Amino acid sequence: MIGKCPYCQQLIGTVNVQPIDAYEGTKTWKAGVFTCPNCSSILNVSIDEGHRAQWIVDQIKDALSS
Ligand SMILES: [Zn+2]
């Protein structure tokens with residue numbers, strides 16, 4: 001399905017994605033920024049849920065081992 005970029009009004013069938021760091025207080029999450037291939041406007045930013053899930057697992061392991 002092809003959508004329309006809300007900024008340049010061009011029909012887009014793909015988006016560009018690049019890794020980016022998302023800061024939350026003192027924690028840094030791996031994230032991705034999705035941009036329009038025509039005008040490079042940011043369409044969405046999404047945190048890497050796999051990275052966050054691994055962080056939670058590591059926190060639980062640390063709590064159980066201490
Ligand atoms: Zn655009």
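**View 1. Lys 30, a partly exposed residue of this predicted model.** Lys 30 has 16 other C-beta atoms within 10 Å and is therefore partly exposed, a class that falls between buried, at 20 or more such atoms, and exposed, at 12 or fewer. The residue lies in strand 4, and, when its neighbours within four places in sequence are left aside, Lys 30 is in contact with Pro 19, Asp 48 and His 51. Ile 60, which is 30 residues apart from Lys 30 in sequence, is 20 Å apart from Lys 30 in space, taken from C-alpha to C-alpha.

**View 2. The open sheet of three strands, in the order 3-4-5.** The pairing within this sheet is antiparallel. Strand 3 (16–24) and strand 5 (42–47) stand at the edges with a single partner strand each, and so one side of each is left without a neighbour in the sheet. On average, and with direction ignored, neighbouring strands of this sheet are turned by 30° against each other.

**View 3. The pairing of strand 4 with strand 5.** Strands of a sheet pair through backbone hydrogen bonds, and they may do so in a parallel or an antiparallel way. Here strand 4 (residues 27–35) and strand 5 run antiparallel and are joined by five bridges; Phe 34 has Asn 44 in strand 5 as its bridge partner.

**View 4. Pro 6, in the loop between strand 1 (3–4) and strand 2 (11–12).** Pro 6 counts as exposed because it has 9 C-beta neighbours inside 10 Å. Between the C-alpha atoms of Pro 6 and Arg 52, which are 46 residues apart along the chain, the separation is 30 Å.

Methods
Residues are numbered from 1 along each chain as its sequence is written. This is a predicted model: local features need pLDDT of at least 70, side-chain atom pairs count only at pLDDT 80 or more; totals for chains, interfaces and linings use all residues. Two strands pair if DSSP finds at least two bridges between them. Helices (H or I, at least four residues) and strands (E, at least two) are DSSP runs, numbered from the N terminus. Axes are lines fitted to C-alpha atoms, for helices over the stretch in contact, and angles run from 0 to 180 degrees between N-to-C directions. Two residues are in contact if their C-beta atoms, placed from the backbone, lie within 7 Å.
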